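Please read them with the structure open.

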Amino acid sequence: VLSKEPAMPRQNLIVFLLFTAIGFFAYKDCFTIFIPADNYSRLYSFEKGFVFGFNESIRGAPYLIPFSMYYFFSSLFGIIPSYWITVSLALHVLNAFLVYIIAKQILSALKIPRESISAFFAALIFLVSPYQTEDVLWVPISFARPFHACVTLVGIHFLINYLLNPSPKKNIAIHFLFLLGLFSYELTIVSPFIYLILFVLFHILNASKLHSKKFFLRIIAPQLFFISVYFLACKLLSGHWFWHGGTFEDITQTSDYSKTLLKYFAKFFLLYRYLPVGQMDDLLRTLSGNNVTTTLLCFFALTVSAFFFWKLIKTKKEYGCLLSALFLCFIISLLPVLPLDSSFLKNIYPDRYGYLSSVFYYLFLTASVFFLIRKIAVPVLIGYVVLCWILLMKTIPVWNSANDYCNRLIENYEPFLKYDRVYVLNIPSYYKGVIAFRSGFPEEVFFKHDKSPI
């Protein structure tokens, strides 16, 4: 037994180094990308100092941690894209490694066979997914999302350890990471529900002896209190209760929820963006405009899924509970972003909203493959990884093209610097499905032309 103990850290180190090599090789042509949208306007606000920039930033949302990080890294990196991309990509690699660790923890605790290889494929697919490019490459503005995912995943790691062997230190770590996540990005508000699902999963399969009352008082109740503090901070700082969701009327409506949820199903389950659907896409868009149709389709899809999981739990309890829990976590992690922009079916923007939820989807995908087609699971998943790699290589040039386009526009603006007042009638918000300027045009002129007055 003692001779086998060092094998786990060594295996983890090998996986981490492998993910690092794969991640940096996949994005090797991206170190000159610095998309202007929102980035330069955010960095420009810090030109007058941390206090001014921080106060300007938190008027929109209480992202206290990312805004502080923006200032720190901007003072180190300036607008040198290679530095920002390196940090962002390193975070993405770290998140993939955390997916591997968490998947292995869950599968080992539930005594699911071949846990290491299943965890490896889930993390690898997450790493090379073509849907992660916006979170990696739209820096520094999207830097908050990989960071938020990182602290959320570390929090889940501590939660699983706490379920297996409770201790005050783990409890403190869970809440500290929860607060970091909460004031980094509002998706954290659904974390208590994800924690609850994992607790129920471990409890049903006798993997945890933690009493439900202790779990609620020590984990859930404090987090509900922290969420109420977040809502209050958001209201005081920005005038609304929930930053990206808008008003409570926006949040509680259902028709857009159904339509967007179906789009996420198509995005992840079908890799819809890359399908040669042609005119079928226009038909589907027409159908999605009918609120009754989308609500019924969504209800049907969820009902079929529930029936499948119910039958699976009756025949194979461990796998049924595991798959249903992962699927529920996937759905719940999507809830805060369902009222937001859903143009991602054909556009890269806004893929960033699905970054964290993709963790649970890829865990669900690999676990399903190992259960349904166990004998050929490895070749099938290798094929899926290759497919994701091909699609990622197809997506990255779009970012380079958008970056070149934005840079040319700024370079061509130089002759106008001699004028005291210039009227810019229009700028491209998006280019080939990638976010372009949207905001930040004058700020980019300021940075790219020797800090010329704007």
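The points below go from the whole chain to single residues.

1. Ground rules. This is a predicted model, in which local features need pLDDT of at least 70 and side-chain atom pairs count only at pLDDT 80 or more, while totals for chains, interfaces and linings use all residues. Residues are numbered from 1 along each chain as its sequence is written, and side-chain values use heavy atoms, with hydrogens and water left out.

2. The chain. It has 19 helices and two strands. These are DSSP runs numbered from the N terminus: helices are H or I with at least four residues, strands are E with at least two. Of the 454 residues, 55% count as buried. Buried means under 20% relative accessible area, exposed means over 50%, and partly exposed lies in between (1.4 Å probe, protein chains only).

3. Contacts across the sequence. Take the contacts between residues at least 6 apart in sequence: 78% of them join residues at least 24 apart. Contact means heavy atoms within 4.5 Å.

4. Cavities. The count is five cavities of 30 Å³ or more. A cavity here is a set of points on a 1 Å grid over the protein atoms alone, where a 1.4 Å probe fits but cannot get out; lining residues have an atom within 4 Å of a point. Points are joined across faces, edges and corners, and the volume is the space filled by probe spheres set on them.

5. The largest cavity. Its volume is about 70 Å³. Helix 5 (81-109), helix 6 (115-128), helix 16 (317-334) and helix 17 (355-372) each give two or more residues to the lining. Among the lining residues are Ile-106, Ser-118, Leu-326 and Thr-366. By class, the lining has eight nonpolar, two polar and no charged residues. Ala, Val, Leu, Ile, Met, Phe, Trp, Tyr, Cys and Pro count as nonpolar, Asp, Glu, Lys and Arg as charged, and the others, Gly among them, as polar.

6. Helix 6. This helix is mostly covered, with 11 of its 14 residues buried. Ser-118 and Ala-122 are among the buried ones, and both also line the largest cavity.

7. His-175. This residue sits in helix 9 (residues 168-182). Is His-175 buried or exposed? His-175 is buried, at a relative accessible area of 11%. Beyond its neighbours within four places in sequence, His-175 is in contact with Arg-218, Ile-219, Pro-222, Gln-223 and Phe-226.

8. Leu-236. Look for Leu-236 in helix 11 (residues 212-238). Leu-236 is exposed, with a relative accessible area of 67%. Leu-236 and Ala-61 are 175 residues apart in sequence, yet 9.9 Å apart in space, C-alpha to C-alpha.

Methods. 1 Å grid on protein atoms, 1.4 Å probe; cavity = no way out; pocket = protein on both sides within 12 Å on 5 of 7 lines; lining within 4 Å.
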